[in-house]
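Biologist: Could you walk me through this one before I set anything up?
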Amino acid sequence: MTTKVFGHKSPDTDSTGSPIVWAWYMTEVLGQPAKAVLLGEPNTEAAFVLKHWDLPKPEIISGIEAGEKVVIVDTNNPAELPEGINKADITAIIDHHKLVGGLETKGPIDITIRPLACTATIMFDLMGEAVAKAPRGIKGAMLSCILSDTLEFRSPTTTAHDKAVCEKLAADLGVNMGELATAMFEAKSDVSDFSDAELLRMDSKEYTVDGKELRVSVLETTAPKLILDRKDSLMASMVDVAKEDGADQVLLFVVDILKEEATLLVPNDFVKRIAEASFPCTVSGDTVVLPGIMSRKKQIIPALKV
């Protein structure tokens, strides 16, 4: 049986590239047939990466059959995975997020969760000498994943090891990391073709904070004005998105990669209360700038209070 390898429901570069990397390793090195799949349409940066490294876009699937063999990467949160995931035969989890709980397996499995900035960094380590055998596209996918998740080493999640792995891959590929990262971030910043609802769900994760269900969305960009110019319609759309997704509130953080700050949209008193309770700020309008805030995983989620 071919194992399906996938990440979370809102495929960014890491959740698009890492399944491709690990499916190659399982099939070509371990001799275990595997196939990378996606749980949604890849974002614009991930689509650029696929094209840049001449990698075919994995099949997008809507669900998993009971008993199907799967490997989960870049998440361990059941809310970010297909319904019925616990009926699948989960054989491994590779992740760099906090342990959420709620997944069940049919037996003992391989679980690797490490405090690194990117799943692809963990895979590089797990693959060991086999990395040398990897085709250019697989190495390129790993490099791109790490540059994306570290925001070219600007993110506070970045470790010295993430950067060292990037440097090794870039040297091997003969790639200028700065030029590649700039092209990736430009692709990520092009959101003109997306509806407000699509933007709110593009890079979004669900969390329960103090008994409230929050959809926490982050848009990383080098052109924040393109998003902030739409703030009125985005805030209006939050009502329907929250209702459709069973959330109490959508929080949208627009991360300016170059200025290294986030702007939180503040559509109501509830979000104002969250902002002032969670961050050292005073809200006086419908947005608030949060200097130095770059990472949902390390800086936003741990700080959130209702």
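This is a predicted model: local features need pLDDT of at least 70, side-chain atom pairs count only at pLDDT 80 or more; totals for chains, interfaces and linings use all residues.

Biologist: Fine. How many helices and strands does the protein have?

Modeller: The secondary structure comes to 11 helices and 11 strands. The radius of gyration is 19 Å, close to the 19 Å that the globule rule gives for 306 residues, so the protein is as compact as a globular protein of that length.

Biologist: And what share of the residues is buried?

Modeller: Buried residues make up 56% of the 306, and of the contacts between residues at least 6 apart in sequence, 64% join residues at least 24 apart.

Biologist: Switching to charges, how many positive and negative side chains are there?

Modeller: There are 32 positive and 46 negative side chains, with the centres of the two sets 2 Å apart.

Biologist: What about aromatic pairs, how many does the count come to?

Modeller: The count comes to two. In one of them, Trp22 and Tyr25 have ring centres 4.7 Å apart and planes at 45°, so that pair is tilted; both residues lie in helix 1 (residues 13-29), three residues apart, about one turn of the helix, and both are buried. Phe253 and Phe279 form an edge-to-face pair, with 6.1 Å centre to centre and 70° between the planes.

Biologist: Where in the chain do Phe253 and Phe279 sit?

Modeller: Phe253 is in strand 9 (residues 249-256), while Phe279 is in the loop between helix 10 (269-278) and strand 11 (287-291), so the pair links distant parts of the chain, 26 residues apart.

Biologist: Is Phe279 buried or exposed?

Modeller: Phe279 is buried, with a relative accessible area of 6%, and Phe253, at 0% relative accessibility, also counts as buried.

Conventions
Residues are numbered from 1 along each chain as its sequence is written. Side-chain values use heavy atoms; hydrogens and water are left out. Helices (H or I, at least four residues) and strands (E, at least two) are DSSP runs, numbered from the N terminus. The radius of gyration is taken over C-alpha atoms; the globule rule is 2.2 Å times the number of residues to the power 0.38. Buried means under 20% relative accessible area, exposed over 50%, partly exposed in between (1.4 Å probe, protein chains only). Contact means heavy atoms within 4.5 Å. Lys and Arg count as positive and Asp and Glu as negative; His and the chain ends are not counted. The place of a charge is taken as NZ of Lys, CZ of Arg, CG of Asp or CD of Glu. Rings of Phe, Tyr and Trp (its six-membered ring) pair if their centres lie within 6.5 Å; planes under 30 degrees apart count as stacked, over 60 as edge-to-face and the rest as tilted.
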